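Student: Before we look at anything, could you show me how to read the contacts between charged side chains?
Tutor: Gladly; please have the sequence and the model open beside you.

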Amino acid sequence: MRVITFEEPGHVRVGLEAPADLVPGSVRVRTLYSGVSAGTELTAYRGTNPYLSRKWDTERRLFVEGQTHAYPLAGWGYQEVGEVVEAAPDVADPPLGCLVWGIWGHRAEAVLPADKLVGHVLPASVDPITGVLARVGAIALNAVHAADVHLGDQVAVFGQGVIGLLATRLAVLSGAGVVAADAISDRLELARRFGAAETFDVRAGSVAEFMRKRVEGADTVIELSGSNLGLHEAIRTVRKGGRVVAAGFYQGDGVGLRLGEEFHHNQVQLVSSQIGGVASWLSHRWDVERLQRTFMELVYRGEIDARALVSHVMPVDQAAAAFDLLDKHQSEVLQLVFEFKE
């Protein structure tokens with residue numbers, strides 16, 4: 001079966017791998033769609049992911065000398081939708097023929113534990129391609145939870161890519177007045193459709209100065225641009241004692257991040273949000289599975305127009321061209337999805 005492999009930085013191949021054997025308690029899922037994470041997967045494509053140059057010590061939770069992953073990297077992928085085509089004799093749920101969302105990488109099929117797909121069945125009334133957004137939706141919801149948004153809060157969301165747009169919508173649903181910031185006019189227009197009270201083109205000046213004139217600064221900024229300069233401006237944008245949720249995947253050294261300035265003088269709270277876990281103060285009630293299901297329920301109810309985020313659907317055989325497009329023209333792509341067909 002077909003699988004996408006990063007052979008080395010900048011080199012993608014669609015190869016073949018043997019199908020896995022069906023084992024007790026499992027189902028075979030044939031992939032229909034597979035979504036690309038323009039952040040995480042581009043770090044693998046470009047060779048900047050820290051796992052490629054440092055070893056993650058899971059017990060001490062430290063990066064140390066060594067290497068966690070090495071090329072070739074087969075089957076990286078972030079969010080998939082497929083049809084359950086075979087089930088072990090001891091499995092009744094999910095049923096044969098249903099469509100499910102989950103994570104099994106950019107491959108034509110996968111054998112998965114059935115219990116991991118319970119609650120992941122897509123209703124017949126929903127466009128199945130929206131299932132590829134379950135994981136990024138959970139990332140956005142996780143960031144909004146970390147922001148501790150309250151009714152009436154003034155929130156700025158930096159970066160209106162897929163996760164930023166979803167964070168904008170989720171913050172609006174949480175009762176915040178949202179200012180969406182980006183440099184791409186089409187994304188700012190979509191942010192307005194998603195409920196942003198105002199938008200700000202970062203090419204026009206300083207978000208911090210804009211927010212100071214508007215509401216004396218933001219209560220919270222959710223930073224999703226992944227830029228060190230963006231993170232610094234986010235810190236400048238919040239009020240004294242305000243919170244910045246750093247939810248982007250920052251690469252390399254923090255050039256441009258001057259922590260002796262507003263961060264120090266305004267006693268800014270800086271909180272990291274990453275999908276490996278939920279905010280510590282919510283961990284007794286929330287987990288990643290609940291984040292994903294909650295997001296998808298909002299999609300099912302029509303409160304989030306997930307389909308509007310899918311800008312490109314490409315055959316899996318065009319994987320090399322797809323990653324080249326993302327690498328060189330990322331601003332032209334919102335959510336790219338691979339389509340698998342026999």
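**Reading salt bridges**

Tutor: The side chains of Glu 261 and Arg 258 meet in a salt bridge, 2.9 Å from N to O. This is a predicted model, in which local features need pLDDT of at least 70 and side-chain atom pairs count only at pLDDT 80 or more, while totals for chains, interfaces and linings use all residues. Residues are numbered from 1 along each chain as its sequence is written, and side-chain values use heavy atoms, with hydrogens and water left out.

Student: What counts as a salt bridge, and how many does the structure hold?
Tutor: The term means a side-chain nitrogen of Lys or Arg within 4 Å of a carboxyl oxygen of Asp or Glu, and the structure holds 21 of them.

Student: Which residue forms a salt bridge with Asp 219?
Tutor: Arg 239 does, with the closest N and O atoms 3.5 Å apart. Strands are DSSP runs (E, at least two residues), numbered from the N terminus; Arg 239 lies in strand β14 and Asp 219 in strand β13, so the pair ties together parts that are 20 residues apart in sequence.

Student: How far apart are the closest N and O atoms of Lys 341 and Glu 339?
Tutor: They are 3.9 Å apart in this salt bridge; Lys 341 is exposed at 55%, whereas Glu 339 is partly exposed at 23%.

Methods: Helix = DSSP H or I, 4+ residues; strand = E, 2+ residues; numbered from the N terminus. Buried < 20%, exposed > 50% of the residue type's maximum accessible area, 1.4 Å probe, protein only.
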